[in-house]
Amino acid sequence: MNEEIRDAARDLLSRLAADRSRREAIVSIASAEEAASFRGLAAPGAGRPVAAVIADAERIFARRVRMDHPRFYGFIPSPASPLSFIGEMLTSGYNAHAGSWMQSSGPAAIEQGLIAWLAERAGLPDGAGGLFVSGGSMANLTGLMLARDRMLPPEERHRGVAYVSTQTHSSVAKGLGVLGFLPGQIRKVAVDADRRLDVAALAAAVAADRDAGKLPFAVVASCGTTNTGSIDDLHAIADLAAHERLWLHVDGAYGASVALSGSRRALVDGLGRADSLSWDAHKWLFQTYGCGMVLVRDRMHLLESFATSAEYLQDAAAGDDTPNFWDYGVELTRPARAMKLWFTLQVMGERALGAAIDHGFMLAETLEAALRERPHWRIVSPAQLGIVTFRYEPPHHDAGALDRLNSAIARRMIDDNAAAPLTTRLDDAVVLRACTISPEATASDTRAMVAELDARARAIAGVR
Ligand SMILES: Cc1ncc(COP(=O)(O)O)c(C=O)c1O
């Protein structure tokens, strides 16, 4: 690395460290003119000094949502730890090819060990395995591919039916589509009052499909729905799956991290009954994108679905305990994604990580309690797994007016850079939703956010 690049990189690192300021805009979207000027910068011209290009890159990245800001409450935020960022620098700096043992035996041994540890914490048996993937969508696709391959003979795939709930993440249907299933082969089962998959309705749907000559083959349970943080009844679904010979895929992209919580891990009891499990580290394990895991009850199932051979790979043969992760999933070339999670966990230790997860629960409970103290706020779904949904409902507003009001409240909070809760739809109504997993946010931040929300809600609705 020449001196110019080294100096520019050193300066950039100190600015990146300072960039975590709370004063910056939480949501910043490029204007049409800026977007046009960025597009104009996309294609290369003559080479330029590195510092000038870094300056452009910083202007470009300024136009983003700060998903790691302690007052960003939308989607599933990504309050990435600075440790993960250092782990990512190591990964990118060494740029190991984590496809094969030969090319990356050190990081592969860590991936093996970390997957075994996570599987044990999830309650999966010996013989379980898995791999790191880019995130929940790829993890769901991988788990569902195993379901297809193990449960449906190729000539019967057109008769297969997979069961999800109305609250299952959209990536599951996308993954089933990639695997060749048609929309009519995905059955959306109703949820109960707590927005958990209704197991009786699932049993009825399976029976009806069998009567109609279909082949039910998989059920997807959610451990932490995106809308409300609900956890399906994992044991009841696992019992039904065993009885009906269905593959049980658990989407724990968000909620599986609770298995590492200090005080709440009992909530996710039953995770270990999954045949396959999605678990994202770039959500509640504080990693930079894209870092997810798919865990499976029997690692041989991954090999049976994904292993390939090619003459040009023959010098990188795997051994019994020296796997080639390219045989476990879709990707051949892949970064050593496990290393940043490993680095973070090594520095933090398990107990501090568990406390950071517990903190998210506490913030959601604080938020719910603060809303309950104020008039006209209805809690739509109580604090669950760091998520609360709520709606401002002053009198003399019809349903449509309340929808517009709640959307306007979220927009005003963002425009004022006070905080960024976003909205979702539940029971056909617009509701505000807050996901509170930032380890940097405090209970008093959360109460202050509720006061700001209430002030804006009253101002917009004209309530004194
Ligand atoms: C429950 C759940 N499953 C799957 C996903 C998709 O994960 P990713 O965005 O990492 O692909 C998400 C993303 O928010 C999610 O909340």
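## Salt bridges

Arg-121 and Glu-120 join their side chains in a salt bridge, with an N to O distance of 2.4 Å. The structure is a predicted model, and a search of the whole of it finds 34 salt bridges. Both members of this pair fall in the intermediate accessibility class: Arg-121 is partly exposed because its relative accessible area is 25%, and Glu-120 is partly exposed with a value of 46%.

A second pair is formed by Arg-196 and Asp-233, whose side chains meet in a salt bridge at 4.0 Å, N to O.

Glu-365 is partly exposed, with a relative accessible area of 35%, and Arg-264 is partly exposed with 24%.

Shared partners also connect salt bridges into one network, which comprises Arg-378, Arg-391, Glu-393, Asp-403, Arg-425 and Asp-428.

## The ligand and its surroundings

The ligand is surrounded by 14 residues, and the closest are Gly-136, Ser-137, Thr-226, Asp-251 and His-282. By class, this shell divides into two nonpolar, nine polar and three charged residues.

For Ser-137, a side-chain N or O atom is 2.6 Å from a ligand oxygen. For Thr-226, the distance from a polar side-chain atom to an oxygen atom of the ligand is 2.8 Å, and for Lys-283 the corresponding distance is 3.2 Å. The ligand taken alone exposes 390 Å², of which the protein buries 82%. Two elements give two or more residues to the shell, namely helix 6 (136-151) and helix 10 (281-284). Helix 6 provides the largest share, with three residues.

## A nonpolar surface patch

Which residues make the nonpolar surface patch of about 630 Å²? The patch is made by Leu-13, Leu-16, Phe-85, Ile-86, Met-89, Leu-90 and Tyr-94. Helix 1 (3-18) and helix 4 (82-94) are the elements that give two or more residues to this patch. The largest share, five residues, comes from helix 4.

Tyr-94, one of the patch residues, is found in helix 4. With a relative accessible area of 70%, Tyr-94 lies over the 50% cut-off and therefore counts as exposed.

## Backbone features

The loop between helix 10 and strand 7 (292-296) contains Gly-290, and the peptide bond that leads from Tyr-289 to Gly-290 is cis, with omega near -25 degrees. Phe-286 is placed in the loop between helix 10 and strand 7 as well. Although Phe-286 is not a glycine, it has a positive phi of about 65 degrees. Is Phe-286 buried or exposed? Phe-286 is buried, because its relative accessible area of 2% is under the 20% limit.

His-376 is another residue with a positive phi, about 75 degrees, although it is not a glycine. The position of His-376 is in the loop between helix 13 and strand 8 (377-384). At 31% relative accessibility, His-376 is partly exposed.

## A site in helix 8

Ala-200 lies in helix 8 and is exposed, with a relative accessible area of 58%. The C-alpha atoms of Ala-200 and Ala-190 are separated by 9.6 Å, and these residues are 10 residues apart along the chain.

Methods
Residues numbered from 1 in each chain as written. Predicted model: local features only at pLDDT ≥ 70, side-chain atom pairs only at ≥ 80, totals over all residues. Heavy atoms only, no water. Patch = residues over 30% accessible without salt bridge, like charges linked within 9 Å, V, L, I, M, F, W, Y side chains within 5 Å. Areas by Shrake-Rupley, 256 points an atom, 1.4 Å probe, with all protein chains shown as cover. Helix = DSSP H or I, 4+ residues; strand = E, 2+ residues; numbered from the N terminus. Buried < 20%, exposed > 50% of the residue type's maximum accessible area, 1.4 Å probe, protein only. Near = heavy atom within 4 Å. Polar contact = N/O pair within 3.5 Å; in protein donor to acceptor, adjacent residues only side chain to side chain. Nonpolar A, V, L, I, M, F, W, Y, C, P; charged D, E, K, R; others polar.
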